[in-house]
Amino acid sequence: MSDLYEAYLDDIQLELETLEDSFGKVIAKYAYPYADGDDLEDMGQKGHSTRLRAYFMDNGTQTTYDDHIKLINHLADKTDFILYHPKYGIIHGLVEDVTSRHDDRQRCAEVDFTFLEQMRLPIDTTPDMDVASAVESHFQAAQDDQIAEASRDVVVLGLPPETPLDPTKSILSQIKAATGSLRVIAKEVDDHIAMLRATATEITQPINSLVATITYATTIPALLIGTATLCVERVARLYDSVVDAPAHYLANLDFAFKQLLQSAGDLPGTGTAPGQQARTILIKHLQLACAQRLALESAYCFATDESRRQQVRTAEKQASFNILGRYLSPTATDPLMNLRELENTLAVSRAWLQAGVTAARSMQSLKDLALDLLTHVSSVKLEREKIITVTVINPMPLHLLCLIHGLPYNYAARIRGINPHMANPNTVCGDVQIYQL
């Protein structure tokens with residue numbers, strides 16, 4: 001068995017295996033009298049077909065066996081399908097044949113089907129990236145890099161980087177034979193950690209959060225980074241009420257994290273040179289924690305937006321009226337991020353990451369986080385419909401405007417969503433933003 005991978009057929013998630021791909025050629029053969037062999041002419045490629053096998057089973061936490069019936073019923077539709085293939089990208093086409101094998105006793109099934117691509121397109125060798133998984137992986141690497149960076153900073157301050165401590169007690173009380181300057185530094189660290197622990201204490205950390213899976217040691221560097229990471233996560237959870245508006249949500253996080261850094265800088269200190277040196281290093285690592293969290297939240301917003309885009313594509317393929325002309329009231333879909341929102345979100349995240357790279361050049365994982373976000377937005381911009389502005393001189397219905405510009409009438413709801421000034425969709429007039437396919 002070859003490797004399994006996750007893919008989507010429209011909005012149905014599948015665990016797939018590619019059995020075979022066919023890339024045939026149309027060759028014209030010409031035979032001439034008294035001439036040996038054939039004269040060949042390449043007439044182009046045949047249609048690209050791929051034979052796929054989807055697996056369904058009930059095993060532990062995986063309960064997908066009943067989904068094979070959903071897939072078979074979905075394949076009975078006479079509409080075009082969209083296959084989100086991890087190697088070939090997005091493929092439009094039809095399903096030629098379906099073969100199902102299932103065992104009700106074992107609660108497992110296999111569904112084989114042949115997908116025919118609608119017109120042959122070049123294959124993009126860059127597979128689609130799951131931005132959330134990629135950023136989560138680099139986020140955990142960034143935590144390790146930051147602890148290593150903090151260990152070097154702690155040595156500069158004169159504190160022991162590897163000594164296990166009791167997290168319930170202050171660092172100052174656990175450092176024996178400390179000099180005057182070292183006691184000042186330890187007090188600065190204690191005050192900073194106390195401030196982080198007191199920030200947004202009413203917010204409970206989600207049990208399924210990525211930070212909850214990370215175990216921090218009891219050394220000074222790990223204690224400092226773990227406390228800062230938990231603090232910025234609690235601050236982020238304060239704005240969960242607006243998470244469905246990604247651009248607004250991330251703008252709030254940007255403002256909240258800047259306020260958090262300012263609060264850390266306004267803490268009353270000793271006013272001594274060692275204390276100021278410690279304060280600078282502590283704020284540096286709080287800034288790094290904010291940058292990582294903002295990158296992670298951006299990735300989650302991008303992943304949610306991609307999921308919504310698949311739902312919108314499925315909804316737009318469904319008819320809004322039956323054969324008698326009666327409105328079917330299709331399910332409303334959530335709004336998508338437009339290109340301006342994607343670029344603004346990316347700019348905010350990368351600005352924080354750039355500041356983090358400037359402060360800690362050794363943290364390669366910050367550059368990886370920035371690259372993950374940039375790669376995702378760049379790929380989305382190639383696929384996402386572009387928005388243009390057209391001027392409507394004579395008032396007309398929005399559905400007619402869609403027809404004039406070659407858009408399906410299902411796009412009317414999306415077009416109205418990007419034109420908040422549109423009071424009446426039956427009499428559209430003036431400058432109107434529409435999608436360009």
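These legends walk through several views of one predicted protein model.

**View 1. The whole chain and its overall dimensions.** Welcome to the protein chain, which has 10 helices and nine strands. Its C-alpha atoms fill a box of roughly 100 × 60 × 55 Å along the principal axes. The radius of gyration is 29 Å, whereas a compact globule of 437 residues would have one near 22 Å. Among contacts between residues at least 6 apart in sequence, 69% join residues at least 24 apart.

**View 2. The surface and its charges.** Of the 437 residues, 41% count as buried. The side chains include 38 positive and 56 negative ones, and the centres of these two sets lie 5 Å apart.

**View 3. The largest nonpolar core.** In soluble globular proteins, nonpolar side chains tend to be buried together. Here the largest nonpolar core has 49 residues, and F257, L260, L286, L353 and L373 are those with the most contacts inside it. Elements giving two or more residues to this core include α2 (131-157), α5 (246-265) and α8 (364-383). The largest share, 11 residues, comes from α6.

**View 4. A closer look around L286.** Which residues is L286 in contact with, leaving aside its neighbours within four places in sequence? They are H192, L196, A228, V232, L260, L261 and A264.

Methods: Residues numbered from 1 in each chain as written. Predicted model: local features only at pLDDT ≥ 70, side-chain atom pairs only at ≥ 80, totals over all residues. Heavy atoms only, no water. Helix = DSSP H or I, 4+ residues; strand = E, 2+ residues; numbered from the N terminus. Rg over C-alpha atoms; globule rule 2.2 N^0.38 Å. Buried < 20%, exposed > 50% of the residue type's maximum accessible area, 1.4 Å probe, protein only. Contact = heavy atoms within 4.5 Å. Lys, Arg positive; Asp, Glu negative; His and termini not counted. Charge placed at Lys NZ, Arg CZ, Asp CG, Glu CD. Core = buried A, V, L, I, M, F, W, Y, C linked by side-chain atoms within 4.5 Å.
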